[in-house]
Amino acid sequence: MNKNAILSCIVLFAMMFSKKLFAQEQPFIQLGIKGGSSLNKLNTELADLDDKYAIGLHVGGMARINFGRAYIQGEALFNKRKAALKPQGQTESKLKWNAIDIPVVAGYKIYQNQELNFRILGGVIYSYTLNDNLPPLKAIQQGIKHFDKSNFQLTGGLGVDIRRFTLDLRYERGFSDLNKSFKSKPQAFSIGLGYFIF
């Protein structure tokens with residue numbers, strides 16, 4: 001084999017190898033949309049009031065910055081939350097409130113390749129209540145008129161990416177009470193499905 005043939009093989013191999021490496025690299029910044037559902041619950045300190053989970057929905061956008069296996073992701077979500085309260089001897093009532101949630105999480109890809117990532121994540125959520133619909137229960141009316149507009153939550157969970165699709169399972173726990181006079185830190189389990197457009 002002459003020198004030109006050997007040189008051509010080396011150049012061809014280098015081009016194929018560099019193309020493969022480039023294909024495995026994820027963009028530095030990714031933008032996308034997401035939506036999902038959550039099971040919400042209020043943890044109250046009232047002995048005669050049972051708190052139960054209720055289903056809520058969320059939808060919005062997300063942006064992820066990749067640093068190799070590590071990443072930071074911010075989201076802006078419109079969230080329709082619900083929770084259920086049942087006073088002893090009475091029927092169950094639903095609390096409903098709409099909020100704008102701003103989660104910011106840091107994550108790490110514990111397994112990563114061109115097609116599939118498995119991730120762990122944790123961070124905080126800033127939640128701004130737009131409006132609330134409280135049930136006409138004496139147990140609630142005595143302690144709370146409206147939710148405070150702003151509150152913070154901690155979040156953590158697991159995620160998987162399949163090409164441009166992303167799926168998160170998260171646990172959320174209120175860092176502050178929904179109202180100063182109503183000692184209740186909300187908690188939720190959420191699932192979110194997203195798609196990176198860019």
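Leaving aside neighbours within four places in sequence, Gly 174 is in contact with Phe 152, Gln 153, Lys 185 and Pro 186; contact means heavy atoms within 4.5 Å. The model is predicted: local features need pLDDT of at least 70, side-chain atom pairs count only at pLDDT 80 or more, and totals for chains, interfaces and linings use all residues. Residues are numbered from 1 along each chain as its sequence is written, and side-chain values use heavy atoms, with hydrogens and water left out. Gly 174 lies in strand S7, residues 165-174. Helices (H or I, at least four residues) and strands (E, at least two) are DSSP runs, numbered from the N terminus. Gly 174 is buried, at a relative accessible area of 7%. Buried means under 20% relative accessible area, exposed over 50%, and partly exposed in between (1.4 Å probe, protein chains only).

The chain has 2 helices and 8 strands. Their order from the N terminus is α-β-β-β-β-β-α-β-β-β. Of the 198 residues, 37% are buried. Among contacts with a separation of 6 or more, 62% join residues 24 or more positions apart. The accessible surface of the chain is about 11,600 Å², and 66% of this belongs to carbon and sulfur atoms. Accessible areas come from the Shrake-Rupley method with a 1.4 Å probe; for residues, only the protein chains shown count as cover.

The largest nonpolar core has 6 residues: Leu 42, Ala 83, Leu 85, Leu 95, Trp 97 and Ala 99. Such a core is a set of buried Ala, Val, Leu, Ile, Met, Phe, Trp, Tyr and Cys residues joined through side-chain atoms within 4.5 Å. Strands S3 (70-87) and S4 (93-112) each supply at least two of its residues. S4 gives the most, with 3 residues. Beyond its neighbours within four places in sequence, Ala 99 touches residues including Leu 77, Phe 78, Tyr 128 and Leu 130.

Salt bridges number 9, each a side-chain nitrogen of Lys or Arg within 4 Å of a carboxyl oxygen of Asp or Glu. Lys 34 and Glu 75 form one of them, at 3.4 Å from N to O. Lys 34 lies in strand S1 and Glu 75 in strand S3, so this pair ties together parts 41 residues apart in sequence. Arg 170 meets Glu 75 at 2.7 Å, N to O. This pair links strand S7 to strand S3, 95 residues apart. Arg 170 also meets Asp 168 at 2.7 Å, N to O. Arg 170 is buried, at 6% relative accessible area, and Asp 168 is buried at 4%. Shared partners join Lys 34, Arg 64, Glu 75, Arg 119, Asp 161, Asp 168 and Arg 170 into one salt-bridge network.

The structure holds 6 aromatic pairs. Rings of Phe, Tyr and Trp (its six-membered ring) pair if their centres lie within 6.5 Å; planes under 30 degrees apart count as stacked, over 60 as edge-to-face and the rest as tilted. The ring centres of Phe 28 and Phe 67 are 5.7 Å apart and the planes stand at 85 degrees, so the pair is edge-to-face. Phe 28 is exposed, at 51% relative accessible area, and Phe 67 is partly exposed, at 45%. Tyr 53, Tyr 171 and Phe 189 form one aromatic cluster.
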